Amino acid sequence: MSVSPPGVNSSISVSPSRPLGTPTPQPIYSASASTIVTSAITSSSPPMVSTTTPVSCLNGGSWTGEACYCPPQFTGDRCQYAVEVCNNGGSWDGLKCLCPELFYGPRCDDVVDGVEMAVPQTVSALKKLTVTVTSQEYNSKLQDPSSEEFKNFNSTFAEQMKIIYDGIPEYEGVNITQLRPGSVVVEHDVILKTNYTPEYKQVLEKASEQVEKKILNATAEQISNSNNTCVDFLLCFNSTATLVQNATVFQYDPEEECRKEAGTYAAYFTVEYKDQKPYCITPCMPGFNASLDCHYGKCQMQRSGPHCNCLITATHWYQGETCEWGIQKSLVYGLTGAGAAVVLVVMAVLLVFALRARRMAKRQKYRVSQLYKWYEEGGGPTPGTFHNTGFDLSEEYAQVDSIYGTLQPSLDSVNSNAEIHIQRPQVIMTAM
């Protein structure tokens with residue numbers, strides 16, 4: 001189920017569709033952890049509601065003569081109801097999608113911000129050791145845990161270990177795993193236990209170091225005397241045959257539990273502690289060191305990881321990877337309005353200049369036409385000018401025929417038989 005850790009605003013919940021403490025609904029189980037579609041219709045054929053009166057079937061349904069044959073995604077006597085689909089292993093209960101622990105939302109599409117972890121009250125560790133007892137002889141009956149010989153040896157060995165490990169609060173007892181000949185070679189586990197706290201690993205590791213130190217000291221001191229008898233001790237040992245393994249096996253690992261709960265999203269989940277309790281969270285869970293600060297937005301888990309969805313308010317648009325900066329709407333509107341006003345002013349100025357140029361062109365054209373009109377009314381050119389009728393200008397383009405039609409050469413007064421005498425120039429030499 002989703003979690004809302006102590007001290008965190010409950011308005012930002014991990015699973016808005018399911019409050020903390022509500023039993024997790026059981027989905028229709030599938031081996032696939034990806035999108036699983038489960039609908040309210042479980043039969044292989046679409047539902048048909050029998051009726052003798054023909055009806056109009058909706059949403060692609062067809063009338064069979066007796067009932068509406070509905071597509072798989074619709075139901076009802078007229079196929080008027082849509083069948084809801086629940087993703088990611090959710091199941092439809094007729095009213096809503098019941099989502100598995102890792103998802104929430106109307107169709108179980110959203111990933112929760114954190115997963116509640118069932119933390120044990122205590123955690124334990126095992127320390128594997130091997131010692132050789134020289135004060136007793138090996139007997140084959142020691143291989144039978146139900147024999148009196150094994151029970152007596154086990155009781156004596158446990159009592160001796162309790163004396164050796166006195167002063168270690170985490171010491172819980174020993175468990176013999178194997179007895180072998182060679183005097184009596186005892187392979188056993190030392191059981192360590194402590195209350196669960198965020199520092200439980202350090203506590204158990206320290207206890208493991210104390211166990212190793214004490215057993216090495218005891219086997220070096222508790223040895224048989226020269227008469228090969230054990231005096232003042234329950235058991236005596238071979239001081240050179242003690243074997244201590246370095247590995248300490250922890251019975252509970254919250255990081256591993258968190259990875260199992262997160263499934264395919266394990267890369268985005270981490271374990272953090274609050275009030276001595278571990279939480280399996282994503283960066284979208286507020287109130288932790290690993291929390292992603294989306295500033296003016298809301299963090300949402302996606303398949304690609306956490307993502308900030310930025311807010312849009314009545315006064316601002318917020319942007320950025322973490323919605324860290326915003327744009328004031330009034331400023332944008334003001335700049336847009338100012339820009340539009342500048343454009344309108346420029347257009348108005350250009351329009352004024354265009355109208356003024358057009359008006360001036362019309363005036364110039366009118367003056368030219370009036371000037372030619374005055375010339376024509378006066379019967380000739382003005383003083384100081386000549387009038388070439390072949391090149392009169394008018395408002396209309398002159399045609400070539402009209403231009404040359406005004407040219408009238410006359411040869412009536414020209415004597416074509418008269419001889420033309422041109423006097424040869426004379427060259428006159430003068431003395432220099």
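**Exercise 1. Find the residues that gather in a patch of positive charge on the surface.**

*Solution.* Start with the rule: a patch is made of residues with over 30% relative accessible area (Shrake-Rupley method, 1.4 Å probe) and no salt bridge, with like charges joined within 9 Å. Lys and Arg count as positive, with the charge placed at NZ of Lys or CZ of Arg. Now look up the members: Arg356, Arg358, Arg359, Lys362, Arg363 and Arg367.

A word on the model: it is predicted, so local features need pLDDT of at least 70 and side-chain atom pairs pLDDT 80 or more, while totals for chains, interfaces and linings use all residues. Residues are numbered from 1 along each chain as its sequence is written, and side-chain values use heavy atoms, without hydrogens and water.

**Exercise 2. Find the nonpolar surface patch that includes Val346.**

*Solution.* Here nonpolar side chains are joined within 5 Å. Val342, Val346 and Leu350 make this patch, of about 280 Å². Val346 also sits in helix α4. Its relative accessible area is 43%, so Val346 is partly exposed (between the limits of under 20% for buried and over 50% for exposed).

**Exercise 3. Is Thr282 buried or exposed?**

*Solution.* First locate Thr282, in the loop between β17 (277-281) and β18 (297-302). Thr282 is buried because its relative accessibility is 0%. Then list its contacts (heavy atoms within 4.5 Å): beyond neighbours within four places in sequence, Thr282 touches Val112, Asp113, Tyr268, Phe269 and Met301.

How values were computed
A salt bridge is a side-chain nitrogen of Lys or Arg within 4 Å of a carboxyl oxygen of Asp or Glu. Helices (H or I, at least four residues) and strands (E, at least two) are DSSP runs, numbered from the N terminus. Buried means under 20% relative accessible area, exposed over 50%, partly exposed in between (1.4 Å probe, protein chains only).
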